[in-house]
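Me: I have just opened this structure and would like a guided look at it. Could we go through it step by step?

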There are 2 protein chains.
Amino acid sequence: MREIVTITKALANDVRLRILMMLSEGELCACQIIEVLDLAPSTVSKHLSILHQARLVDARKNGRWVYYQRSRIGTSPINGDIFRWLRESLKNDDQIKTDAVTLKKITKIGVEELCKRRAQKD
Amino acid sequence: MREIVTITKALANDVRLRILMMLSEGELCACQIIEVLDLAPSTVSKHLSILHQARLVDARKNGRWVYYQRSRIGTSPINGDIFRWLRESLKNDDQIKTDAVTLKKITKIGVEELCKRRAQKD
DNA sequence: TCTACATTTCGCCACTTAACGAATTATACT
DNA sequence: AGTATAATTCGTTAAGTGGCGAAATGTAGA
């Protein structure tokens with residue numbers, strides 16, 4: 001029960017649903033997710049940790065960057081039901097659609113260039 | 001998005017998951033749900049209203065009793081995924097199993113007798 | 001080694017949630 | 001009409017959540 005409630009709590013937030021939808025296409029660097037959401041890094045990091053604790057996303061560290069992707073557990077038959085439902089329910093959502101557009105622009109420039117630009121702004 | 005978050009928030013609580021599991025077999029009177037959960041009637045009523053607002057349960061008034069059941073929306077293909085996942089994930093949960101046992105005893109005596117006994121305790 | 005920087009952790013604040021009892025509403029029965 | 005009672009709404013309180021900036025952590029490159 002505790003495990004299931006951890007998962008449903010993780011899903012009970014619009015920012016975290018946006019993150020999960022962004023990860024539909026594949027893995028993303030934390031900095032890319034931060035850029036799309038336009039929230040404080042610490043806030044996004046907390047959301048990612050909640051998703052990770054619920055075993056909905058996996059983290060992979062590469063150099064100073066951390067990449068996230070939907071977990072293998074999340075793609076298993078049992079949890080696959082949730083994702084199918086979320087994808088189906090949110091595929092026409094405006095926020096999700098604009099996120100996808102923003103994401104496409106960002107993935108084009110690549111992680112290194114994205115962070116370089118980000119550093120210049122400070 | 002708002003609608004989906006309303007649903008996931010409704011699912012993000014153990015008491016409400018217990019209620020949904022209790023309603024797997026069919027409709028129940030509010031007083032039966034209150035009896036199984038052993039919480040204040042006002043608390044349970046609030047939970048039921050949250051489930052109702054999320055369109056996960058329907059309410060039917062009969063005399064002074066109110067009967068709840070899983071909503072038809074909830075049984076549609078789209079939301080059916082969630083229920084299937086919940087049922088599958090929780091079928092071996094201890095709390096859910098003891099709830100089922102308690103419920104069986106309570107449904108045997110019937111709603112009128114249950115409320116009569118309840119009144120005598122005061 | 002020292003610096004830069006991506007990410008996380010921590011501390012704080014505003015807001016929400018879940019619990020209860022008291023008061024209210026609505027229905028059945030006398 | 002008046003009473004009893006199932007259920008809900010309201011007000012209050014304690015605990016949890018989501019946001020931020022500051023500080024800490026860890027890694028790449030000078």
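**A loop residue and its surroundings**

Reply: A:Asp38 is placed in the loop between α3 (30–37) and α4 (41–53) of chain A; helices (H or I, at least four residues) and strands (E, at least two) are DSSP runs, numbered from the N terminus. This is a predicted model, in which local features need pLDDT of at least 70 and side-chain atom pairs count only at pLDDT 80 or more, while totals for chains, interfaces and linings use all residues. Residues are numbered from 1 along each chain as its sequence is written, chains are lettered from A and ligands numbered from 1 in the order in which they are written, and side-chain values use heavy atoms, with hydrogens and water left out.

Me: Is A:Asp38 buried or exposed?

Reply: A:Asp38 counts as exposed, because its relative accessibility is 66%; buried means under 20% relative accessible area, exposed over 50%, and partly exposed in between (1.4 Å probe, protein chains only).

Me: What is phi of A:Asp38?

Reply: Phi of A:Asp38 is near 60°, a positive value in a residue other than glycine. B:Arg55, also not a glycine, has a positive phi of about 60°. B:Arg55 sits in the loop between α4 (41–53) and β2 (57–62) of chain B, and it is exposed, with a relative accessible area of 52%.

Me: Changing topic, how many helices and strands are there in chain A?

Reply: Chain A has 8 helices and 3 strands. Their order from the N terminus on is α-α-β-α-α-β-β-α-α-α-α.

Me: And what does the C-alpha trace of chain A span?

Reply: Along its principal axes, the trace spans about 45 × 30 × 20 Å. Of the 122 residues in chain A, 45% are buried.

Me: Which residues have the most contacts inside the largest nonpolar core?

Reply: They are A:Leu86, B:Ile33 and B:Leu86, in a core of 76 residues. A nonpolar core is a set of buried Ala, Val, Leu, Ile, Met, Phe, Trp, Tyr and Cys residues joined through side-chain atoms within 4.5 Å.

Me: What is B:Ile33 in contact with?

Reply: Leaving aside neighbours within four places in sequence, its contacts include B:Ile19, B:Met22, B:Val44 and B:Tyr68; contact means heavy atoms within 4.5 Å.

Me: Where does B:Gln32 lie?

Reply: B:Gln32 lies in helix α3 (residues 30–37) of chain B. B:Gln32 counts as buried, because its relative accessibility is 5%. With neighbours within four places in sequence set aside, B:Gln32 is in contact with B:Ile106, B:Thr107, B:Val111 and B:Leu114.
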